[in-house]
Amino acid sequence: MGMTAPRALVSGASIAGLTTAFWLSRTGWDVTVVERAGAFRDGGQNVDVRGTARQVLERMGLEDEVRRLSTTEEGTSVLDDRGQAIARFPVEDPDGLTAELEILRGDLARTILDQLPEHVRVRYGTRIDDVRDHESHVEVTLDAGPAQPYDLLVIAEGVRSRTRDRVFGSSVSKRELGLNMAYGTIPRTPDDDRWWRWYSAPGGRQITLRPDNTGTTRATLAYTSRDTDLAGLPPDEARAALRTTFSDAGWQARRVLDGFDTSADVYMDHLTQIMMPAWSRGHVCVTGDAAWCVTPLGGGGTSLAMTGGYVLAAYLSQAGPGGYGDALARYEQWMRPLIEDTQKLPPGTPSLFYPDSRAGVQALRLMARIGGTAPLRKLTSRLAHVARSTNVLPDMRQEEA
């Protein structure tokens with residue numbers, strides 16, 4: 001790496017931040033990654049690599065490793081009141097409901113982290129205290145230390161990014177979807193299979209169980225609510241709200257609630273889309289969920305994070321020294337149609353997929369039963385075809401080794 005390498009600070013060490021650091025470092029940037037969490041965050045739920053991100057993964061040389069770490073999920077099944085499958089959607093399509101490349105979030109992040117060049121610095125337990133943008137650079141203060149100059153600050157802190165809110169302020173729109181989700185890891189039982197099982201109950205409630213590659217089961221409890229924000233509650237209060245909401249939901253609700261009481265990695269989310277008129281300002285840009293959270297209802301969030309990191313680094317690699325404004329505009333121009341397409345949800349979402357009435361639940365199951373028949377299965381799986389761009393990925397000008 002040359003002595004005059006441009007300097008980038010990437011804030012956030014999950015998929016978006018690590019992918020951005022991976023590619024920037026390969027194109028000659030001097031990269032530092034900072035992360036508020038005190039250590040690397042393992043675990044997390046099942047995510048997938050689909051659409052254009054499959055090409056990005058291939059170019060990173062990580063496809064074989066992701067296949068090796070597969071969650072082994074064989075497909076998606078929709079259940080009736082007794083927990084019996086009434087519709088099955090096996091993996092027949094690389095980008096179907098269950099994608100061909102399914103992996104735990106922590107495993108994917110670790111895979112990228114392990115492939116970062118040695119000169120990339122990753123600092124945990126570090127937060128940004130202040131950002132001051134200047135004509136020629138951006139000054140960033142970390143943990144009340146001295147301000148440091150960078151050519152670019154990349155904010156990849158996720159949907160609730162404080163740094164994004166500090167820099168972009170009122171231009172950040174947050175569209176709450178009225179859906180709470182709680183994720184956690186629970187002990188596996190003998191009747192758990194290799195399928196992603198979906199069970200719906202009246203009251204806008206849903207329980208899902210998914211296999212993993214570590215001998216446990218990944219569970220989700222989701223329910224519609226306009227007035228409760230699970231993510232904003234203290235953990236004990238959030239668990240109590242879940243127990244009240246799911247006490248009579250049926251199927252394996254009690255097992256999941258009991259499992260969440262002792263699970264070490266329960267995560268609460270109040271689904272919120274992020275909309276921004278511009279993803280950069282001066283020497284600061286945003287990427288991943290911090291820029292455009294599509295939520296699990298849109299799908300493909302992990303794939304969009306990987307694609308965004310690649311596209312950002314590719315256009316920066318084509319820019320002349322200091323000519324980053326044009327590169328950031330081109331990054332946005334390439335990514336925005338893909339994001340807007342994914343954020344467009346079907347009318348009636350989320351109530352359509354989380355019905356309130358018993359009749360609504362029966363209608364949803366009937367739709368699944370019809371959609372799961374052999375003639376229609378291919379068509380149904382296309383509902384999951386997100387995070388795909390018809391545009392060719394831009395060229396990455398990598399530094400000679």
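Buried means under 20% relative accessible area, exposed means over 50%, and partly exposed lies in between (1.4 Å probe, protein chains only). Residues are numbered from 1 along each chain as its sequence is written, and side-chain values use heavy atoms, with hydrogens and water left out. The model is predicted: local features need pLDDT of at least 70, side-chain atom pairs count only at pLDDT 80 or more, and totals for chains, interfaces and linings use all residues.

**Exercise 1. Salt bridges**

Solution. 

Step 1. A salt bridge is a side-chain nitrogen of Lys or Arg within 4 Å of a carboxyl oxygen of Asp or Glu. Side chains of opposite charge can pair when their charged atoms come close.

Step 2. Take Arg365 and Asp81. Their side chains meet in a salt bridge of 2.9 Å, N to O. Arg365 lies in helix H12 and Asp81 in the loop between E4 and strand E5 (85-90), so the pair ties together parts 284 residues apart in sequence. Helices (H or I, at least four residues) and strands (E, at least two) are DSSP runs, numbered from the N terminus.

Step 3. Classify both ends. Asp81 has 38% relative accessibility, so Asp81 is partly exposed. Arg365 has a relative accessible area of 6%, so Arg365 is buried.

Step 4. Take Arg210 and Glu73. The closest N and O atoms of this salt bridge are 2.8 Å apart. Arg210 sits in strand E14 (residues 205-211), while Glu73 sits in the loop between helix H3 (63-68) and strand E4 (75-79). The two are 137 residues apart, and the pair links distant parts of the chain. Arg210 is buried at 9%. Glu73 is buried at 8%.

Step 5. Take Asp143 and Arg127. Their closest N and O atoms are 3.4 Å apart in a salt bridge. Asp143 lies in the loop between strand E9 (138-142) and strand E10 (147-150), and Arg127 in the loop between strand E7 (121-124) and strand E8 (128-133), so the pair ties together parts 16 residues apart in sequence. Asp143 is partly exposed at 30%. Arg127 is partly exposed at 40%.

**Exercise 2. The surroundings of Glu157**

Task: Locate Glu157 and list its contacts beyond its neighbours within four places in sequence.

Solution. 

Step 1. Glu157 is in the loop between strand E11 (152-155) and helix H5 (162-168). At 25% relative accessibility, Glu157 is partly exposed.

Step 2. List contacts (heavy atoms within 4.5 Å). With neighbours within four places in sequence left aside, Glu157 touches Ser11, Ile128, Arg162, Thr163, Arg164 and Ala290.

Step 3. Pick out polar contacts. A polar contact is a pair of N or O atoms within 3.5 Å; within protein, one must be able to donate a hydrogen and the other to accept it, and residues adjacent in sequence count only if both atoms are side-chain atoms. The Glu157 side chain makes such a contact with the side chain of Ser11 at 2.6 Å. Its contact with the side chain of Thr163 is also 2.6 Å.

Step 4. Compare sequence and space. Ile15 is 142 residues from Glu157 in sequence, and the C-alpha atoms are 10.0 Å apart.

**Exercise 3. Asp192**

Task: Decide whether Asp192 is buried or exposed, and find its polar partner.

Solution. 

Step 1. Asp192 is in the loop between strand E12 (173-187) and strand E13 (195-201).

Step 2. Its relative accessibility is 6%, so Asp192 is buried.

Step 3. Asp192 contacts Pro187, Arg197, Leu209, Thr217 and Arg255, leaving aside its neighbours within four places in sequence. A side-chain polar contact of 2.7 Å joins Asp192 and Thr217.
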